[in-house]
Amino acid sequence: MEAQALTVGSAVTALVLLVVFYYPVATVFVDAVFVDGRPTVEPIVSVLSSRFYLVDIFGFTAYQALLSTVASVLLGLPGAWILSRFEFRGRRTLRSLTILPFVMPSIMVAIGFVATFGRNGTLNGVLTAIGLPPVELLFTLEAIVIAHAFYNAPLVARVTTAAWESVDASAIETARSLGASPTRAFRDVVLPQLLPAVAVGATLTFVFTFASFPIVLALGGFQLATVEVFIYSRIQNLAYAEAAALAVVETAISLGLTYWYLRYEGRTRGSGQGARPQPRYSLWPGSWTAKAAGARITIAAYGLVVLAVFVGPIASMVLTSLTGPGGGLTLEHYLFLLERQQTGASYQVRPLPAIANSLRFGVGTLLVAVPMGVVMAVLTTREFRGRAAIDALAMAPFAVSGIVVGLGLLRGLVFGVDVFGTRVQVTGAIAVVAAHAVGAYPFVTRNVAPLLGNLDPRLVESARSLGASRVRALVDIELPLVAAGVVAGAAFAFAISIGEFDSTVVLAEGSTSYTMPVAVERYLGRRLGPATAMGCVLLAVTSLSFVIIERFGGRYGERGGF
């Protein structure tokens, strides 16, 4: 039985993936090629031959994703330069903050930008106070691009910082000894090693922003609809065939980009390991040369940009939640939530069920995603034929958007499927947890697999020579050594579940399924104050997840993981 444990665990994981991911996604594909029970390619052909879909929807989606990628790279690269080349108090904390794109709910980012750029937002308040005219940035492409840069620039900074710190100082010293100037040494030695990391960060950013949903929905609305927003509108109008056709084309694009990313990242993984890192400069130089002064002025200017783009929206959300109509400090928005909890009708969104549902779904996601992620980490670090295919299949949920998964679960398990003459339906909390677990377990895998892969194989060999089976060596030797990665992966899974919006807004039904992000979006459509108050509650919960990740994550995931 012990010898078959890993096989059984793998089979169970594969079965769960088949039921809650591949079958629902296949349902979406079937909806795109079967209409009224008849096979047809008309829905997909209509999408691919329509100027409205190709230019107005997919064209605009790719255009805003490209602009967002450029903005994210431009905003993230200076951060990578500062984190990798300078030593200062708080550097490790700032470095840890680069994981925020994976733990900060995107709907919370959206509400922060609404509080900043709205007609009565913080920005217009500052402009009015200094005698300047207000600006209208909400429901513009600029607001979407800035919000995406806020969300993805830390990702670019994270992967580029890891690559920069892996550059061997000996190679630079050799170039300098051969007569190269500092600029020439950077161009010929450092830059070629940074470009692959920049390409990886840019590709991930493009994938994320191409499939962005809540940020575009809140800041652009249906007048600036991307493919995700348009799919959501088709689902609301019960136009499932049209939604499925759009989802098929979008998924094909995302899978292609993710496949390229995984292959490219696999080729570059491990480069620079064992290199002697370059020494860092003090942020406060010993002597003020023109070059040192210019660098510090650049850092100070970048710090102001960081305060405006990164700190401003979150601070605006907190400030708006504590500000009344007259501009004074008040708790009326939080009191509104309490009043809604006590007097709200059953069809209205109440805060305590949203908080309770989010926590329940988070725990349920942990129970499903952590075992799945650990099993996949074990499989993808073993040497066997077909391992690359297993890795690609395991990471497929990473490339499929939550809207597509939610639509597939809705059309498949929620509406019901006939199994041997019995109608099987999976609704409510189970459907939501299934969607959350599908999106969360790859992060567990990507946190645990690098640690497993870096373990000394002699540890396992010693245990085997003492009579331990392969599974016993895994349980007693390997997993305890990667426990920090498991804890960090679990925190990622919990944070992703707490902040998940895309599939939840499709699957939520009544008070049994809506979560804090869904509550924020529904409040946002009516009153900004209560929406920001609910967003602050969401911020407090996700901040706890970040603290756990920062405590247990360390530096293990900076190469090879997220």
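Modeller: A helix here is a DSSP run of H or I with at least four residues, and helices are numbered from the N terminus. The model is a predicted one.

Leucine 338 counts as exposed because its relative accessible area is 52%, and the term exposed requires a value over 50%. This leucine belongs to a nonpolar patch on the surface, which also includes Val318, Leu319, Leu322, Leu329, Leu331 and Leu335. Together, the residues of the patch have about 660 Å² of accessible area. Helix α14, residues 290-321, and helix α15, residues 332-343, are the elements that each give two or more residues to the patch.

Phenylalanine 139 lies in the loop that joins α7 (122-129) to α8 (141-165). Although this residue is not a glycine, its phi is positive, at about 60°. Phenylalanine 139 is classed as partly exposed because its relative accessible area is 40%, and that class covers values between the limits of 20% and 50%. Leucine 238 occupies the loop between α12 (227-236) and α13 (240-268). Its phi is near 65°, again a positive value in a residue other than glycine. With a relative accessible area of 59%, leucine 238 is exposed.

A buried residue provides a further point of reference. Arginine 446 is part of helix α19, which spans residues 428-454. The arginine is described as buried because its relative accessible area is 5%, where buried means under 20%.

Helix α16, residues 351-380, packs with helix α24, residues 516-524, at an angle of about 145°. The axes of these helices are 8 Å apart. On the α16 side, the residues in contact are Pro351, Ala354, Ile355 and Ser358. They meet Met516, Pro517, Ala519 and Tyr523 of α24. Sorted by class, this contact has 7 nonpolar residues, 1 polar residue and no charged residues.

Notes
Residues are numbered from 1 along each chain as its sequence is written. This is a predicted model: local features need pLDDT of at least 70, side-chain atom pairs count only at pLDDT 80 or more; totals for chains, interfaces and linings use all residues. Side-chain values use heavy atoms; hydrogens and water are left out. Axes are lines fitted to C-alpha atoms, for helices over the stretch in contact, and angles run from 0 to 180 degrees between N-to-C directions. Contact means heavy atoms within 4.5 Å. Ala, Val, Leu, Ile, Met, Phe, Trp, Tyr, Cys and Pro count as nonpolar, Asp, Glu, Lys and Arg as charged, and the others, Gly among them, as polar. Patches are made of residues with over 30% relative accessible area and no salt bridge: like charges are joined within 9 Å, nonpolar side chains (Val, Leu, Ile, Met, Phe, Trp, Tyr) within 5 Å. Accessible areas come from the Shrake-Rupley method with a 1.4 Å probe; for residues, only the protein chains shown count as cover. A salt bridge is a side-chain nitrogen of Lys or Arg within 4 Å of a carboxyl oxygen of Asp or Glu. Buried means under 20% relative accessible area, exposed over 50%, partly exposed in between (1.4 Å probe, protein chains only).
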